[in-house]
Amino acid sequence: NVLVVNNGKHYAFRHALLREAVYEDLLPGERVRTHAAYARRIAKQGGPKQYRLLAYHSLESNDLPTALSASVAAADEAEARGAPASALRSVELALRLWDSVPADQRPEDVDELRLLDMAAVLAGRSGEVDRAISYARSMVKALESGRIEVSDHRRRARIYRRLAQTLHATDGTFWEAPDA
């Protein structure tokens, strides 16, 4: 009575504590291989609601490029679904992985500034104004320090505008918005 058939399609643990006990008993290499097998299966099945799971299992199996791509896709999917807090968690995972993934293995349509901008917007929509301000300031800091080069003047202006919008959202930083 440890496992049950779920929906006639797959096995599941009867209780979460049993699942946890079995997982904790696995050796580190076994855990990595198990997560890699799950990631392969999820990638083969596809589907938009699988991106979050693919990101998790790819991260746990040390497949960082796949985890980065899946976390960006999971953020886009969650945002389209109207779940900004879930999308924010996925964007934050992508930001955490960004420097660990070689540039040639990163998603082509995404850069660090886009992720920071998404994080600022999603944090604001989630009611986490201070985090939104932190992400917006991080964008400006990366731009002004030269760590990230942006030659498009419109994009540079949008970065400062994002900072001004987030600063304008709270009384404590309202006075900083016009300078931005």
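Predicted model: local features only at pLDDT ≥ 70, side-chain atom pairs only at ≥ 80, totals over all residues.
Residues are numbered from 1 along each chain as its sequence is written, and side-chain values use heavy atoms, with hydrogens and water left out. Local features need pLDDT of at least 70 and side-chain atom pairs count only at pLDDT 80 or more, while totals for chains, interfaces and linings use all residues.

**Salt bridges**

The structure holds 9 salt bridges. A salt bridge here is a side-chain nitrogen of Lys or Arg within 4 Å of a carboxyl oxygen of Asp or Glu. The table gives some of them.

| Pair | N to O distance |
|---|---|
| Asp76 and Arg114 | 3.4 Å |
| Arg81 and Glu77 | 2.9 Å |
| Glu128 and Arg131 | 2.4 Å |

Asp76 and Arg114 join distant parts of the chain. Asp76 belongs to helix α4 (residues 64-81), Arg114 to helix α6, and 38 residues separate them. Helices (H or I, at least four residues) are DSSP runs, numbered from the N terminus. Exposure is given as relative accessible area: buried means under 20%, exposed over 50%, partly exposed in between (1.4 Å probe, protein chains only). Asp76 is partly exposed at 31%. Arg114 is partly exposed too, at 26%.

Arg81 and Glu77 both sit in helix α4. They are 4 residues apart, so about one helical turn separates them. Arg81 is partly exposed at 47%. Glu77 is buried, at 17%.

Glu128 is partly exposed at 29%, and Arg131 at 32%. Salt bridges with shared partners connect Glu92, Glu128 and Arg131 in one network.

**Helix α8**

Helix α8 runs over residues 153-168 and has 16 residues. From first C-alpha to last it reaches 22 Å, close to the expected 22 Å. The expected span is 1.5 Å times one less than the number of residues.

Which residues of α8 are buried? They are Ile159, Leu163, Ala164, Thr166 and Leu167. The buried residues of α8 pack against α6 (112-125) and α7 (129-145), where contact means heavy atoms within 4.5 Å. At the start of α8, a side-chain oxygen of Asp152 comes within 3.2 Å of the backbone nitrogen of Arg154.

**Aromatic rings**

How many aromatic pairs does a search of the whole structure find? It finds 0. Rings of Phe, Tyr and Trp (its six-membered ring) pair if their centres lie within 6.5 Å; planes under 30 degrees apart count as stacked, over 60 as edge-to-face and the rest as tilted.

Tyr23 has a charge over its face: Arg31, at 4.7 Å from the ring centre. This requires NZ of Lys or CZ of Arg within 6 Å of the ring centre and within 35 degrees of the ring normal.

Notes: Helix = DSSP H or I, 4+ residues; strand = E, 2+ residues; numbered from the N terminus. Polar contact = N/O pair within 3.5 Å; in protein donor to acceptor, adjacent residues only side chain to side chain.
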